[in-house]
Amino acid sequence: MNQQGMHFEKLKIASFDFTCCEGCQLQFANRESSLPAFFELLDVRAFREISSEKHDDFDMAFVEGSISRSDEIERLQSIRKQAKILVAFGTCACFGGVNSLKNRIPIEESVVEVYGEHPVETLPVQKISDIVQVDLSIPGCPVAKEEVERIVVSLVTGSKVNLPKYPVCVECKQQLNTCMFDLGEICLGSITRAGCNAVCTSGKTPCLGCRGPAEDINFPAFTELVKERGLSENDLREKLGFYNAFEAYRTDET
Amino acid sequence: MIYKVISKPEFRKFIDVLVRENTSFGPRQVDTAANGNPVYQFMPVASADEIEFDYTATASSAKHFFLPFRDELSRFSFHDRTFEQHIAYESEPVVLIGLRPCDISALNILDDVLLNGRYPSPYYLAKRKNTFVIGMDHLPLPDCFCKSLAHHTVSTGFNLFCSDIGEKYYLSINSSKAFTYLEEFQTEEPSYEDNCLMTQRRKLISGSFRTEVDVTSLPSILDIEFESPVWDKWGAKCLNCGTCAMVCPTCYCYSVDERFDIDLKGASRNRQLYSCNLVDFAVVAGGHNFRPKNGDRLKYRYYHQHRGFAENANQQICVGCNRCGRACLTGINPKAVINDLRMEKESCMTCVSPSPDRT
C-alpha cells in the first residue's frame with residue numbers, strides 16, 4: 001500500500017482466545033460498512049472465528065480472554081515467543097474480567113459448583129500480563145470496534161497509538177445524559193477510561209468500569225462521594241469488583 | 001430594539017409555526033432526578049407542545065449548538081504524492097428557544113473570543129449567524145448567581161427576548177428577521193400597564209437571587225492567591241472528569257487531532273471540546289505535563305473563568321449559571337471556591353497588617 005510517497009505494510013496478525021466469550025474477537029467482524037477496508041490493512045494468519053486457514057508466521061497477536069488453566073499458560077507463552085507485538089484484547093485479557101468473580105470463592109468449591117461430578121482442572125483467574133509481557137492493551141467488554149480500527153490504522157501507518165486518558169464523564173456529558181448519580185445510582189464513569197462513547201450510561205445503565213481506570217484517577221474523592229451521598233458501600237464494592245479492573249485500588253478485600 | 005407584547009396563546013402559535021418549519025431545539029424534561037427535581041436539556045422540538053416554556057434551567061448549556069463537542073474541521077483526500085484539503089463552513093439554520101439571559105451573555109462572551117479576536121473562527125461564525133435565538137427570562141434557582149456578574153439581564157446577542165408578564169409576553173425584538181416573522185401574528189404596542197408589569201417583573205427577578213458571589217477585585221485576588229492552599233483543598237476533591245467544562249456555557253478550550261481514514265485514501269482533522277481539568281490538558285510533545293496536580297488544573301479553570309485571558313481583554317468569562325456547581329459530583333462550585341479565596345485573602349489582611357501606629 002502506497003500513500004503520500006510512503007509505503008505501508010499490512011499487519012500480519014493472529015487472534016487467540018482463552019477464558020472468554022469470544023465477543024471481543026467477534027468485534028473484528030463488526031461494523032460492516034468499513035469491513036473490506038479494515039481487512040485490507042490485515043494479513044490474517046490465524047483466526048479461528050473467521051478463517052479455517054492457520055499459519056504460525058504472525059507478527060502481532062491479539063489475545064482475548066483471561067488465564068484459568070495450566071495449559072492456557074503454556075499456550076500463551078508460546079504465542080508470546082512468536083509475536084513481535086502482543087495485544088491484550090478486551091477486558092478479560094487486560095484485567096481478568098467477569099471471570100475473576102470466581103476468585104472470590106475457594107477453587108475447590110467453584111469446581112464442584114460448576115462441574116459437579118465431572119471436575120476439571122482449573123486455576124484462579126489471572127490477567128495475561130500476570131503471565132507474559134503485554135505490549136498494548138485494548139480494554140472494553142467488548143472492545144469498541146471504532147477504537148480497534150483507529151489503533152490498527154495507527155499501527156499500519158506508524159502513528160502513535162492513543163487511548164483516551166480522561167474518564168467516561170466527558171463522553172457522557174457530550175451526549176447530554178443525566179448523571180447516573182443524580183438518578184440515585186453508583187456509576188464508575190468518573191474513574192473509568194473513556195473511549196466507549198458512554199454506551200452504558202447512554203442506555204441508563206451505570207458504568208461498571210470495563211475499560212479500567214482512567215489515568216491518575218482521584219479514587220479517595222470518588223469513594224468519599226459515594227459515602228456522602230449515602231449510597232451502598234456494598235454496591236460500590238460489587239461494581240468495582242465486577243471486571244476486576246480496579247484491583248489496584250481495592251483495599252477492603254482480604 | 002423594538003418592544004411589543006403578545007398574548008400567551010398567540011405566542012404559542014408563533015412558536016409552533018416557527019418550530020414546525022425549522023430545525024428547532026428547546027427545553028424539554030429528559031429525566032426526573034432521584035431528589036424529585038425535573039432534569040431539562042435543550043432537545044429537538046417539532047411543535048410548541050413539546051417545549052417546557054416554564055422550565056427552570058437546563059443541565060447542559062446551549063454551547064454545543066455553536067461549538068459542537070466533536071467537529072470535523074476539514075477533510076483531506078490523497079492523490080499519490082499530493083493531497084487536497086476540503087473545508088466546509090456550511091451550517092443549517094437552527095432555531096433555539098428558551099435561552100436564559102446568562103446563556104445569551106455566554107454567547108456574547110464567545111463572540112468576543114471567537115469572532116472579535118485576532119483569529120475569528122469561521123466555524124463558529126457560520127453557526128452563530130445561522131441560529132435564531134429566542135431568549136426567555138426566569139426566576140433564579142436558589143444557586144444561580146448571574147446577578148453577581150450582571151448577567152441576569154441581557155440587551156444584545158439574541159433575535160427575540162420574551163419576558164413573562166402574566167397573561168402576555170413582553171417581547172424585545174432585536175432583529176429584522178424576528179420583526180418580519182412576528183408581523184404574521186397579533187402583537188401590540190406595550191401599554192402603560194404592560195410597561196409597569198415589565199418593570200415589576202424585572203424587580204421581582206432581581207430581588208429573587210439567594211446566592212451572591214463577591215467578584216469584585218477577583219482578578220487581582222486570583223493573582224495574589226496563586227500559591228494558596230485553597231487550590232490543594234479543592235483540588236483534592238476534583239475527579240478530573242471534565243464535567244464542569246462540558247456543561248459550562250463559556251468553556252471553549254479544545255483539542256485537535258488528525259486521523260487517517262480506514263482506507264488510507266484520506267484523512268480528517270477533528271476538534272473535540274476539552275477541559276483544563278483533564279489530566280493530559282497541559283501535556284506537550286515529549287510527554288511533559290505542565291500541570292500534573294489536580295489543584296493546579298482546577299486553579300487554571302478558575303483563572304480562565306474569573307480572571308480572564310488576553311483573548312477577550314482579560315474579562316471574566318463566567319456568567320454565574322452555576323451549571324458546573326450543580327453538575328460537580330464532589331461539590332466543587334464557584335461560590336465556595338471564591339469565598340474560600342476571599343477568606344484566605346481577608347484573614348491574611350487582618351492578621352498580617354498591623355494598624356497604622358497612631359502615637
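So, β2(B) and β3(B): these two pair antiparallel, over eight bridges. By pairing I mean that DSSP finds at least two bridges between the strands, and the elements are DSSP runs numbered from the N terminus, strands being E with at least two residues and helices H or I with at least four. One of the facing couples is T32(B) with P38(B) of β3(B). The two strands make a hairpin with five residues between them, and in the turn G36(B) has a positive phi of about 95°.

Quick housekeeping. Residues count from 1 along each chain as its sequence is written, and chains are lettered from A and ligands numbered from 1 in the order in which they are written. The model is predicted, with local features needing pLDDT of at least 70 and side-chain atom pairs pLDDT 80 or more, while totals for chains, interfaces and linings use all residues.

Okay, zooming out. In chain B there's an open, mixed sheet of seven strands, ordered β1-β9-β8-β7-β6-β2-β3. β1 (2-7) and β3 of chain B are the edges, each pairing on one side only. Inside the sheet, β6 (94-99) and β7 (131-136) of chain B run parallel, joined by five bridges, and L99(B) has G135(B) as its bridge partner in β7(B).

Now, the partner chain. The contact (C-beta atoms, placed from the backbone, within 7 Å) takes 35 residues from chain B and 33 residues from chain A. On chain B's side, the elements giving two or more residues are β2 (23-32), β3 (38-45), β4 (70-79), α8 (243-247) and β10 (254-260).

How values were computed: Two residues are in contact if their C-beta atoms, placed from the backbone, lie within 7 Å.
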